[in-house]
Amino acid sequence: MVNPDSNRPWFSVYPENVPTHIDFPEIPLYSLLDQSTEKYPNNTALIFMGKKTSYQELSEQVNKFANALVKLGVKPKSRVAVMLPNCPQYVISYYAILKIGAIVVQTNPLYMENELIFQLNDAEAEFIITLDILSGRINKVINKTLLKSVIITSIKDALPFPINYLYPIKAKKDGLNLNVEPKPYIVWFKDLISSNSSDFKPANVDVKNDIAVLQYTGGTTGTSKGVMLTHYNLLVNTIQVKCFNPHLEDGKEVMLSAVPFFHVYGMTVCLNQGVLIGAANVLIPKFEIDQLLKAMKKNKPTIFPGAPTMYIAVINHPQVTSYDLTSIKVCISGSAPLPIEVQQEFERITKGNLVEGYGLSEASPVTHCTPLEGKRKPGIGLPLANTDCKIVDLDTNKVLGPGEIGELLIKGPQIMKGYWNRPEETREVLEDGWLRTGDIAMMDEEGCFSIVDRKKDMIIAGGFNIYPRDVEEVLFQHPSVQEAVVIGVPDKYRGETVKAYIVLKENASVSEKDIINFCRERMAKYKAPTIVEFRAELPKSMVGKVLRRVLAEEEKKSS
């Protein structure tokens with residue numbers, strides 16, 4: 001046991017088999033794949049709709065694709081947009097780009113034209129890898145970007161047989177006749193793989209300074225910007241996460257990847273960690289509960305990182321008891337607060353551990369996690385190895401003590417290099433290596449952290465500060481509530497008042513008055529919702545995070 005440090009009280013409650021400090025290797029991020037290929041060449045690396053790919057096969061495909069990209073003109077530091085769901089082509093593209101020393105530009109397949117134009121131009125991307133069913137969307141934006149080459153692939157190219165379940169993106173298939181002049185060089189992914197050598201010499205990378213990934217995020221200030229994550233940032237964070245879960249066995253685990261890889265959480269916790277430990281990675285191109293449960297039944301995953309909405313969907317599925325989910329050893333929940341009721345019910349069903357973690361794109365992303373053994377408290381847990389944290393006053397920036405609420409600041413080797421081409425915004429959030437998270441948090445006497453809420457989500461009603469998470473935790477205690485989120489809406493008297501949006505469990509029936517009274521019995525009256533709206537579903541991101549801003553925008557338009 002490490003002696004407690006007055007500035008790091010979490011050391012006193014660290015599990016004995018979890019290191020407080022790690023000496024990280026200074027190697028490129030792509031080395032994770034090379035190392036696991038050397039150790040486990042014949043082990044399964046990827047499982048995609050029944051098709052298995054070994055580490056040796058994956059490594060050869062990565063090298064072939066890297067050779068192809070170089071021939072197309074990709075150079076070190078070139079920005080290459082990857083607009084793909086979780087599929088083998090994403091994994092191949094990702095590591096091939098890194099091996100060249102180029103930069104992966106993470107691009108959401110659901111982006112519409114304006115979002116694509118902004119991101120591709122902001123990143124100055126000259127290459128994009130995407131699906132055939134999205135080519136119509138590329139067709140509409142390409143003459144407004146710097147794109148030189150479009151690499152097209154298809155989900156069915158990753159399979160040896162026809163399938164009925166495709167990634168259901170609402171996009172018109174306009175074909176590949178991109179009607180711009182001069183026409184970009186359009187090539188098929190499978191042709192590039194088949195026509196190139198598997199011998200490739202990776203680029204020399206300045207591990208601590210060279211950017212591996214541009215991860216676009218609203219960040220702490222709202223506007224979309226590219227987070228510059230270096231090879232070292234991402235390598236370090238992958239190792240930090242793995243070391244916080246010491247019971248994982250290299251070469252023996254099965255990772256269920258339902259979180260999109262284009263999301264920083266999926267990239268680090270599912271993809272990079274899976275490769276680090278030589279796991280078999282079950283790729284889920286889109287979260288759909290029936291398909292997910294079938295994949296779990298067939299592949300017996302041992303690790304299932306996810307978002308609270310995924311675990312909520314599992315525990316509320318009417319046939320969940322007919323699936324054997326006891327292969328699961330550990331699940332780390334991220335992207336949104338995890339209700340304690342959801343955690344307890346999921347652990348009851350699976351017999352595995354479900355713990356909450358915390359992070360943000362600017363931190364690669366993970367900074368905190370609840371220990372898997374020993375004392376477990378509600379909240380986001382303890383800082384990972386080599387990670388320092390402090391809570392500061394929102395107005396004075398004074399460092400606060402245990403039990404006091406303020407902004408969470410984080411420092412560590414996983415913290416970003418900065419925002420792409422945005423020095424002023426970088427200076428706003430990075431001070432002497434400390435990242436201002438924009439999250440309101442609290443640390444207890446033992447160094448366990450809890451997120452109270454986002455600064456921008458805080459509701460001020462009648463002069464009182466109301467944190468949505470406090471209200472949502474109570475709503476989740478109601479036996480009829482499946483999902484819940486609250487926002488602040490304008491109120492002539494109080495300035496703002498609390499509105500709750502609720503999805504009820506199947507066949508449940510409850511009134512607005514019932515919900516309001518339930519809350520008033522369990523919290524101060526000023527915190528309780530005064531308006532309740534029942535919905536069939538809530539707007540969510542691809543990772544399953546409920547989008548408060550969408551609800552707020554809807555409310556603003558209707559008022």
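Q: Is Glu-533 buried or partly exposed?
A: Glu-533 counts as partly exposed, at 25% relative accessibility. Buried means under 20% relative accessible area, exposed over 50%, and partly exposed in between, with a 1.4 Å probe and protein chains only.

Q: What does the Glu-533 side chain meet in a salt bridge?
A: The side chain of Arg-535, at 2.8 Å, N to O. A salt bridge here is a side-chain nitrogen of Lys or Arg within 4 Å of a carboxyl oxygen of Asp or Glu. Arg-535 is partly exposed too, with a relative accessible area of 23%.

Q: Which residues are linked with them in a network?
A: Salt bridges link Glu-533 and Arg-535 with Lys-499, Glu-554 and Glu-555.

Q: What kind of model is this?
A: A predicted one, where local features need pLDDT of at least 70 and side-chain atom pairs pLDDT 80 or more, while totals for chains, interfaces and linings use all residues. Residues are numbered from 1 along each chain as its sequence is written, and side-chain values use heavy atoms, without hydrogens and water.

Q: How many salt bridges in the structure?
A: The structure holds 31. One of them joins the side chains of Lys-99 and Asp-34, at 2.9 Å, N to O.

Q: Where do Lys-99 and Asp-34 lie?
A: Lys-99 is in helix α3 (residues 88–100) and Asp-34 in helix α1 (residues 31–39), so the pair ties together parts 65 residues apart in sequence. Helices are DSSP runs of H or I, at least four residues, numbered from the N terminus.

Q: And Lys-99, buried or exposed?
A: Lys-99 counts as buried, at 3% relative accessibility, whereas Asp-34 is partly exposed at 27%.

Conventions: Helix = DSSP H or I, 4+ residues; strand = E, 2+ residues; numbered from the N terminus.
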